[in-house]
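Subject: Structure handover

Hello,

Here is the structure we talked about. Please look through it first; my notes on it follow below.

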Amino acid sequence: MTQGVLYVVATPIGNLEDISLRATRQLSEVSLILAEDTRHTQILLHHLNIRTPLSALHDHNEAGQVPFILQKLRSGEDLALVSDAGTPLISDPGYRLVKAVLEAGIRVSPVPGACAMVAAVSVAGVASDRFAFEGFLPAKTTARRTRLAQLRRETRTLIFYEAPHRILETLQDMREMMGDRELTVCRELTKTFETVRKGVLSDILLWVEQDSQQQRGEMVLVLAGADEDLVEDQEENLRVLYVLLEELPLRQAVDLAVRLTGCRKKWLYDAALARGKRDD
Ligand code: SAM
């Protein structure tokens, strides 16, 4: 018997007209659509006049659903996987399922379309021949700042997803941990209040603080990568710090590194923490 195919189907990130012709056809032809939130996807299906049944597949039930889904695919049924918006698996559920389907030797086929990070990169006006997608930063302050410290020397453009209630804190942390670099905020893409604003972090922060509208909706942050020359200097400064950390307690090592390198104490201190050194 011929096995079925799992189609991984992108759906719009705001504007329903962004659904592709192929996505529409595939969603109406499969026997079942696996959706992150069935009520959410039902609105899209209603708009497209599609009556295919839906079944929930989210982070909490994904592992348990796999055997049932594999059985359907083995018996020849074609299925579709969608998330609430955009491309499944991009900061969305589906990874475990796709892995299991591939491991079972069953075909997985993409039906590409909207993806917020790709849409953002396409309008951010930053170097985009290569970039690093970071998804969501950690929600807790210390973990977020540590992650940013680890990314400080990344020269590729960095792409982040961010929730509106954390935008101010995140911008503050970025300015402090990454320096006053260029950032593009891409908010509510493809929707009525779509906004793309580019500037240095301190200007963007001021603008977001002063206009509460900018603290709402969905947003992607596109941050310029580190300056290559600066990174070389920093490598040398970090080398000094790491040698000192091997011999001395954290605070002493940082104090001495300030004198030897001329770097800011806070920068060296965060770098020492990011290295895993404890402040005893
Ligand atoms: N899978 C989706 C994709 O392909 O982009 C992303 C899902 S993730 C759970 C949701 C995040 O994507 C939001 O918090 C926001 O950062 C970003 N996002 C989604 N839609 C957006 C839009 N219309 N404008 C800006 N950012 C958006």
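A residue is called buried when its relative accessible area is under 20%, exposed when it is over 50%, and partly exposed in between, using a 1.4 Å probe and protein chains only. By that rule, buried residues make up 44% of the 280 residues in the protein chain.

Two notes on the source. This is a predicted model, in which local features need pLDDT of at least 70 and side-chain atom pairs count only at pLDDT 80 or more, while totals for chains, interfaces and linings use all residues. Residues are numbered from 1 along each chain as its sequence is written, and side-chain values use heavy atoms, with hydrogens and water left out.

The chain overall

The protein chain has 11 helices and 10 strands; these are DSSP runs numbered from the N terminus (helices H or I, at least four residues; strands E, at least two). Its C-alpha trace spans about 70 × 40 × 30 Å along the principal axes. Taking a contact as heavy atoms within 4.5 Å, residues 24 or more positions apart account for 70% of the contacts with a separation of 6 or more.

The sheet

Five strands form an open sheet in the order S6-S7-S10-S8-S9, with mixed pairing. Two strands count as paired if DSSP finds at least two bridges between them. Strand S6 (131-136) and strand S9 (195-200) are at the edges with a single partner strand each, so one side of each has no neighbour in the sheet. From one strand to the next, the twist averages 15°. Strands S8 (residues 182-187) and S10 (residues 219-223) run antiparallel and are joined by five bridges; Leu183 has Leu223 in S10 as its bridge partner. Helix H7 (residues 167-178) packs on the sheet, where it touches strand S7 (157-162), S8 and S10, and its direction makes about 5° with that of S10. Axes here are lines fitted to C-alpha atoms, for helices over the stretch in contact, and angles run from 0 to 180 degrees between N-to-C directions.

The ligand

Which residues are closest to the ligand? They are Thr87, Asp92, Ala116, Tyr161 and Met219, among the 19 residues that surround the ligand (a heavy atom within 4 Å). Polar contacts are pairs of N or O atoms within 3.5 Å. A backbone N or O atom of Ile13 lies 2.9 Å from a ligand nitrogen atom, and one of Ala85 lies 3.3 Å from a ligand nitrogen atom. The protein covers 90% of the 570 Å² of accessible area that the ligand has on its own (Shrake-Rupley method, 1.4 Å probe).

Regards

Conventions
A polar contact is a pair of N or O atoms within 3.5 Å; within protein, one must be able to donate a hydrogen and the other to accept it, and residues adjacent in sequence count only if both atoms are side-chain atoms.
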